[in-house]
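Q: Could you take a close look at one part of this structure with me? I'd like a connected walk through it, with some context around it.

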Amino acid sequence: MKTIRAACWRLLGVFRKKRCDAELAAEIQHHLDSLTERKIAAGMSASEARNTTLREFGGVEQCKELAREERVWMWPDQLRQDLRFGLRMLRRSRAFSALAILCLTLGIGTTAAVFSWIEGILFHPYPAVAHEERMFVLAGTTRGASGFNQLSYPDCIDFQKNSTLIESFIVDQLIATTLSIGDRAERAIGGLVTPNYFEALGVRPSLGRGFTPEEGVGRNAHPVAVISYETWKNRYQSDPEIIGKTQYLNGVRHTIIGVTPENFHGTFVGVSFQFWVPISTQETFDPTGYKLEDRNARAFESFVFLKPGVTPRQAQEELSSLARRLENDYPETNRGHGVELLPLWRSPFNVAAEMLPTLEIAFAVVLFVLLIACANVSTLLLVRSLIRQPEMTARLALGAGRGRLFQQLLTEGLILSACATAGGILVAHWCRNALVLAFPAQAPGIIVNLPGQIDWRVLAVSAGVCVLATLLFALAPAIQASKIDLAGAINSGSSGVLGGRGRSRLRSAFVLIQMSLSFVLIVGAGLLMQSLQRIEGVSPGFSTEGVLLSGVDLLSAGYNAERAKAFQDQLLERVRALPGVEAATLARVIPFGLRDFSSSPITVEGYQAGADEHPTGDYNQVGPDYFSVMGIPIVAGREFARTDDENRPLVAVVDETMVAKYWPGKHPIGRRFQMKDNWLEVVGVAKASHYRTKLETPKPFFYVPLRQNFTVQGGVLIRTRQGTASMTSALAREVHALDPNLAPVAAITMHEHVDRGTYTQRLAVTLLGIFGGLALLLAAIGLYAVMSYAVSQSTRELALRMALGARVSDLLGLVLARGLLLIAGGLILGAAAAFALTRLLANQLYQVSSHDPVAFGSAFIVMVIVALFACLLPARRATRIDPAGALRA
Amino acid sequence: MAREKPDLVYGTLDMLILKALQHDPRHGLGIADRIHQMSKDILHVEQGSLYPALYRLEAHGWIKAKWGVSDTNRKARYYELTAAGRKQLTAEKEHWLRITKGINRVLAGT
């Protein structure tokens, strides 16, 4: 109560400042006058009386200032003063201010940018969703296996029916298909969703409606679609009469019933959906068959919204018990399968999971850059505070409190970091889509969407970083400056004592911090770079040289299987006849691509599966000569021939991993296994290769002839020495000759295609490289500033030495010695820190030790070279001092 | 922030000012004089710290000020004790007595 009253009184004082000041002056004047009169009455002369009075009273102005502080709430007033003065000071030394703000903008901007990515991709990926905080991913688990799988649709329905703690439950599957509007066909990505999708998400279509419950049931009974705002705008020119029009999705006519709002991009982090169709149309989009009644078809991603007040833990318990019930009820399909509720950012099914480690690294790195930037600005401020020492001394002598001085310096720091934060948020805004640039070019039709999200949380964090940074960089210099020894400073005149011992130690400490932190970053960049090289050096198991890939989208052109077969045969004939082409083939899925392989349960003749084991195999449908085009060696038996078609016995080529698992130590050729009611005979064994990524663990894989498992979708593979450009145009000619309405996808090399798989690693290396370079630059600036200041301060000493006969090399050595000491210290500290910290990178490193000597060694060399340059420039200046001039000055 | 001479125990200035105003309103110099006189010339209030202390007390609402005319016919600011100030004075006095009693006991012990 008391404090509130006092605060109000003082606040009032702020507004009555003028009057209060006048009253105070009058009051003190009265006091002084009365005292003086009293002394005159006691017999002193008038002037003597006045002097004695003033002496007795002490500093009148100081007294007034103190009284004012008691009476008025000072800080708004002081803050205004400090701000005005600070701005004036910063304007006066523009170069300094620009450099400091630049450094800080770098630090704060990169922090804000990376945080906005983290916000947009991990924590707040679906800004249009109403209750994102209650939204969780429901992922399937398999006992005894790590990682997560998706869920089957019947299981999802059971969870939804029986759960009491879950408000709503949505299922969605990412589908890639062909969207044809008029005569224009394009690939498009969309979502196959349960009818409550929009309602549960709280997304209201901006035109038309969402799905009704009936539209979710009945096999293919409801060909309706909701389209995205972008599709509406770009493909339909924002047609206001769009509702009720039709478009072809995967060759099936769909009626458009709604358009989503502009800010809604679907529920798959990384990709913008272009349309949504009800789950009942699943069969239209899935060449592998109807899955809505198959508990083994774990192909659906599900999200749940918890009821308000329900903790994830409670919901998890309930869902786990439901999963156990399903295990009991359906042991055939569900034994060993559980579920786990995951926060959105841990979703294993979308791009967020891939980006997570990279974002973690990026965040750690930007914190380093921030620290370095702060240390750097601290160094600059320290050097500048020496230049400003006369000013500080004068202010202290005139009665400024040390606290006020300190406050003033902190305010100046705050101005710097406030400018930098404003700039930083701008940087973050510009960089919000930078991650999309790093994302590899995808198949046409995929709209990559990895937005940074600048919301209040990012702004709050930036403001926090601003204040924190101010404290980090301005505190030490401000404390130093307010500790000036007044008597010493005045007595020694303007050019002495400037570089006190404590202060020069502090400067050195800041340089050491910068050097060691940049060392850590450079080592980290080196490690990741080596790891990337190792990964890129790993052979995928097929040749990446001399193979081009392309494709023709026959599906969207309305080709049925018969026409497609005829077209493909003719196209392959024509391609094989092109000059420079050695061989050509087809494959449903091209390894390392975005489209996934088919997967199927298998029964292997003569193999006794364990109780909880459900043998499955991934497989690919490939054309004749696939193995010779891809350069995958056949280690036993034969590869597919043109004769392996519909009319011949079903055959398969299996890989070595499959042989090792199901026929260990036996000759596999001629053995049989069952897939989808068909028995396949093994005719060949292919060398195991990588199928999805280079880091995957080997799983059994087999190949079947495309002709025996035909799908219209597929890619063309060509073994040739020709370049991509000439092959693309040659292909276009041949395709056009066969069907003038078709055009092939631009050809790319297999090498390029495979490299897309390492984009997260490349992104990490790029980020660390850029930031490491920046850090090194900052550290070099800091070192340079300190060294040149040291030289300019010891001009007299150096001149004296020169006058007494020191040679240029002596002076050079003298100055460099100090620099070398700093460099050595920084490197030792940095090496120790890097040794401790790079261990955190270990799980990102592929076949590289986190203490790899090459990375440490090269970081060492880079640092020494850059640091020597930073020292050499000031040292050279030292040798050019004119002794006579300097000594006389 | 108040700087007091060593002859004034730190923190006691506020209490002394309240005491000096117990019966009559006084202006700044009058308060200093009164303390000097009541202490039988032992205590000197450093005049520079008097005004900050007055404003502090005013901010707390323990004293209030109004303009009056001094005996030398000058316009002066007179301070008088408020009801809250009286309460505060009693409280501070009790506190002081208790502390000094304790200190005296300690010092008197062997």
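How many residues lie between S19(A) and S20(A) in the hairpin they form, and which residue in the turn has a positive phi?

A: Happy to. Keep in mind that this is a predicted model. The hairpin made by S19(A) and S20(A) has 2 residues between its strands, and the turn residue with a positive phi, about 45°, is Lys676(A).

Strand S19 of chain A covers residues 672-675, and its pairing with S20(A) is antiparallel, with 4 bridges. One point to pick out on screen is Phe673(A), which has Leu680(A) as its bridge partner in S20(A).

Now for the setting. The domain assignment of chain A places residues 547-753 in domain 4; the other entries are domain 1 (2-72), domain 2 (149-347) and domain 3, which is given in two segments, 355-536 and 758-888. Taken over C-alpha atoms, the centres of domain 2 of chain A and domain 4 of chain A are 30 Å apart.

How far does the predictor trust this chain? The average pLDDT of chain A is 83, and 93% of its residues score at least 70. A stretch to treat with care is residues 493-499 of chain A, where pLDDT stays under 50 and the model has 10 contacts beyond four places in sequence.

The C-alpha trace of chain B spans about 55 × 30 × 25 Å along its principal axes, and 35% of its 110 residues count as buried. Among contacts in chain B with a separation of 6 or more, 52% join residues 24 or more positions apart.

After H2(B) comes Lys40(B), which has a positive phi near 55°.

Technical notes:
Residues are numbered from 1 along each chain as its sequence is written. Chains are lettered from A and ligands numbered from 1 in the order in which they are written. This is a predicted model: local features need pLDDT of at least 70, side-chain atom pairs count only at pLDDT 80 or more; totals for chains, interfaces and linings use all residues. Domain bounds come from an automatic or database domain assignment. A residue is buried if 20 or more other C-beta atoms lie within 10 Å of its own, exposed if 12 or fewer, and partly exposed in between; C-beta atoms are placed from the backbone. Two residues are in contact if their C-beta atoms, placed from the backbone, lie within 7 Å. pLDDT is the predictor's confidence in each residue, from 0 to 100. Two strands pair if DSSP finds at least two bridges between them.
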